[in-house]
Amino acid sequence: MSLCLYQDFNLNAENPGKIWVFPVTGHRIDFSLKGHPAADQPSSGYMNAPSSGWAAYLFPDYTCGFGGDGGETIQFFGGRRLDSLDGVNGRAKRYGYFYKNGKWTTEKKWGITEQTLYLHDRAGCVTTGPFNSTDDLRPPIDGDM
């Protein structure tokens, strides 16, 4: 089981690009890509794992998670193939006004929203592991912006 990230679009179908493999095991593993050959390189990805019980996340920053200012992630689950890391729905930590249940927040705040993300050539950290060990990487949605 592994998350495979590919240098080129369509899982390197048109070009013989590089492939970076991150194992999925029974424990959560955070892989910072700082200094790694895959840093800011992947254009597509595939999660080679059973359809349920396993997860992987791709972050553009060198720290996995939503600590500090900002944060974005694309989630991979078993069998998910992304021929492009651009235009993919994911979670993002943003600062601003949030709209939820028919109301806007009255003050700006940090919160989580779902957005279309563009992570082509923006890989900084990868997390893999059992779905139940990655709960903090799926924070509740605070609303739309």
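The questions and answers below set computed values against the definitions in use.

Q: What kind of model is this, and how are its residues numbered?
A: This is a predicted model, in which local features need pLDDT of at least 70 and side-chain atom pairs count only at pLDDT 80 or more, while totals for chains, interfaces and linings use all residues. Residues are numbered from 1 along each chain as its sequence is written, and side-chain values use heavy atoms, with hydrogens and water left out.

Q: What makes C64 and C125 a disulfide?
A: A disulfide is a pair of cysteine sulfur atoms within 2.5 Å. The sulfur atoms of C64 and C125 are 1.9 Å apart, and the two residues are therefore joined by a disulfide. By this rule the count comes to one disulfide.

Q: Why is the disulfide of C64 and C125 called left-handed?
A: The torsion about the S-S bond is about -95°, so the disulfide is left-handed.

Q: How do you know that C4 is in no disulfide?
A: The nearest cysteine sulfur to C4, that of C64, is 17 Å away. C4 is therefore in no disulfide under the rule already given.

Q: Is C4 buried or exposed?
A: Buried means under 20% relative accessible area, exposed means over 50%, and partly exposed lies in between (1.4 Å probe, protein chains only). C4 has 10% relative accessibility and therefore counts as buried. C64 and C125 are buried too.

Q: Why is I141 called partly exposed?
A: The relative accessible area of I141 is 24%, so I141 is partly exposed. I141 is found in the segment after β12 (125-130).

Q: Why is T134 called buried?
A: The relative accessible area of T134 is 0%, so T134 is buried. T134 is also found in the segment after β12.

Q: Which residues does T134 touch?
A: Contact means heavy atoms within 4.5 Å. Leaving aside neighbours within four places in sequence, T134 is in contact with R28, A55, Y57 and T127.

Q: What makes F131 and T134 a polar contact?
A: A polar contact is a pair of N or O atoms within 3.5 Å; within protein, one must be able to donate a hydrogen and the other to accept it, and residues adjacent in sequence count only if both atoms are side-chain atoms. The backbone oxygen of F131 lies 2.9 Å from a polar atom of the side chain of T134.

Q: Is T113 buried or exposed, and where is its place?
A: The place of T113 is in strand β11. At 1% relative accessibility, T113 counts as buried. A polar atom of its side chain lies 2.8 Å from the backbone oxygen of G143.

Q: Why is β12 described as largely enclosed?
A: Six of the six residues of β12 are buried, so the strand is largely enclosed by the rest of the structure.

Q: What makes β5 and β12 a pair?
A: Two strands pair if DSSP finds at least two bridges between them. Six bridges join β5 (residues 54-59) to β12, and the two run antiparallel. W54 stands opposite P130 in β12, and F59 stands opposite C125. β3 is joined to β12 by four bridges, likewise antiparallel.

Q: Why are β3 and β11 called edge strands?
A: They belong to an open sheet of six strands in the order β3-β12-β5-β6-β8-β11, with antiparallel pairing. β3 (29-32) and β11 (109-118) each pair on one side only, and are therefore its edge strands.

Q: Why do β2 and β7 stand at the edges of the four-stranded sheet?
A: This open sheet has the order β2-β1-β4-β7, with antiparallel pairing. β2 and β7 (81-82) each have a single partner strand, so one side of each is left without a neighbour in the sheet. Strand β4 (residues 44-48) pairs with β7 over two bridges, and Y46 stands opposite R81 in β7.
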